[in-house]
Amino acid sequence: MKAFFSFFNKQKRFADGIVNGDIEYSSYYKDSFKRFRKNKAAMTCLAIILLLIAVAIFAPLIAPYNPNHQDYQSVLAQPSAKHLLGADEYGRDILSRIIYGTRISLSIGILAQLLASLIGITLGSLAGYFGGIVDAVISRIMEIFSAFPDLIFAMAIMTFLGQGILNLYIALGFLTWVRTARMIRGAVIQLKEKEYVEASRASGGRSFRIIVKHLIPNCLSTIIVLVTLGIPHAIMYEASLSFLGLGIQPPTPSWGNMISAAQSVIGFLPIYSIMPGVAIIITVITFNIFGDGLRDALDPKLRV
């Protein structure tokens, strides 16, 4: 009896402490953010990502020239005070085109991943929840999409849909949804046997409500990590397609088509191809390290 009252008093003191602010209430995401802040590399990459986003948003204010302005007196100009990174074969400022290329790369990476996540979450949750014939059909579709090499499959989609930035969003979205679907399917298979799902089903909850209200929110940490790690893949695919002439078309500045255009003058003006490549490398590595840091912070198995 004494032990019972001692436990009750401890619980009451704990509740009073939270109400009075003496004890700080902690949640899963709050703890995860604390863990993430301890990862110096991931925090540095977060700062770089925010800087890239700021560059993309304020490109007209940052870029020294209009990216499509042609100065025929500066054709293939070497780096100078007038053109810090030189000028291309049409006299366009390379630095300005790299800055505006940030918009293309980030927008394609983010929007393509949002489309891929929408498809992957929908099909993955349906396959994991219903199982049976639904799971079998969706799994076969995933196997078909996984059977083709990624870049060749993207080239085929772009050839079929035609060139254009909207078609590029669609192509890259269809290219990367399978990994999301597989991860969500596995998570939903585990979660659908939990007591709160059984209770919701027993109380008359419909399948759609259970999936949207209970299952998908509990996969949120997985979704965040998948989107973050998928963005650099989409950026790389966009650069590859633009390099091959199937992605962003000139005169719209893209890191990929800048590298492609620089092939003919790489011996005379190597910085023309080097700097867009450096921009791609920095962006891809930054997102990968940031995604790894998020995964470590959000993984409950790593909580101490």
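This is a predicted model: local features need pLDDT of at least 70, side-chain atom pairs count only at pLDDT 80 or more; totals for chains, interfaces and linings use all residues.
**Close-up views of a pocket and a surface patch**

View 1. The residues that line the second largest pocket comprise 13 nonpolar and 2 polar ones, with no charged residue among them. The space in this pocket comes to about 270 Å³. Of its 15 lining residues, Leu52, Ile98, Thr102, Trp255 and Ala279 are the closest to the centre.

**View 2. Elements around the second largest pocket.** Two or more lining residues come from each of α3, α5 (94-130) and α14 (271-298). With 5 residues, α14 provides the largest share of the lining.

**View 3. Nonpolar patch on the surface.** Six side chains are shown here: Leu50, Ile53, Ile57, Phe58, Leu61 and Ile62 make up a nonpolar surface patch. Together these residues have about 600 Å² of accessible area. The elements that give two or more residues to the patch are α3 (40-57) and α4 (59-62). The largest share, 3 residues, belongs to α3.

**View 4. Phe58 in the nonpolar patch.** Phe58 sits in the loop between α3 and α4, and is one of the residues that form the nonpolar patch. Its relative accessible area is 43%, so Phe58 counts as partly exposed; the class lies between buried, under 20%, and exposed, over 50%. A patch residue needs over 30% relative accessible area, and the 43% of Phe58 is given for comparison with that cut-off.

Definitions and conventions. Residues are numbered from 1 along each chain as its sequence is written. Side-chain values use heavy atoms; hydrogens and water are left out. Patches are made of residues with over 30% relative accessible area and no salt bridge: like charges are joined within 9 Å, nonpolar side chains (Val, Leu, Ile, Met, Phe, Trp, Tyr) within 5 Å. Accessible areas come from the Shrake-Rupley method with a 1.4 Å probe; for residues, only the protein chains shown count as cover. A salt bridge is a side-chain nitrogen of Lys or Arg within 4 Å of a carboxyl oxygen of Asp or Glu. Helices (H or I, at least four residues) and strands (E, at least two) are DSSP runs, numbered from the N terminus. Buried means under 20% relative accessible area, exposed over 50%, partly exposed in between (1.4 Å probe, protein chains only). On a 1 Å grid over the protein atoms alone, a cavity is a set of points where a 1.4 Å probe fits but cannot get out, and a pocket is an open set with protein on both sides within 12 Å along at least five of seven lines; lining residues have an atom within 4 Å of a point. Grid points are joined across faces, edges and corners, and a volume is the space filled by probe spheres set on the points. Ala, Val, Leu, Ile, Met, Phe, Trp, Tyr, Cys and Pro count as nonpolar, Asp, Glu, Lys and Arg as charged, and the others, Gly among them, as polar.
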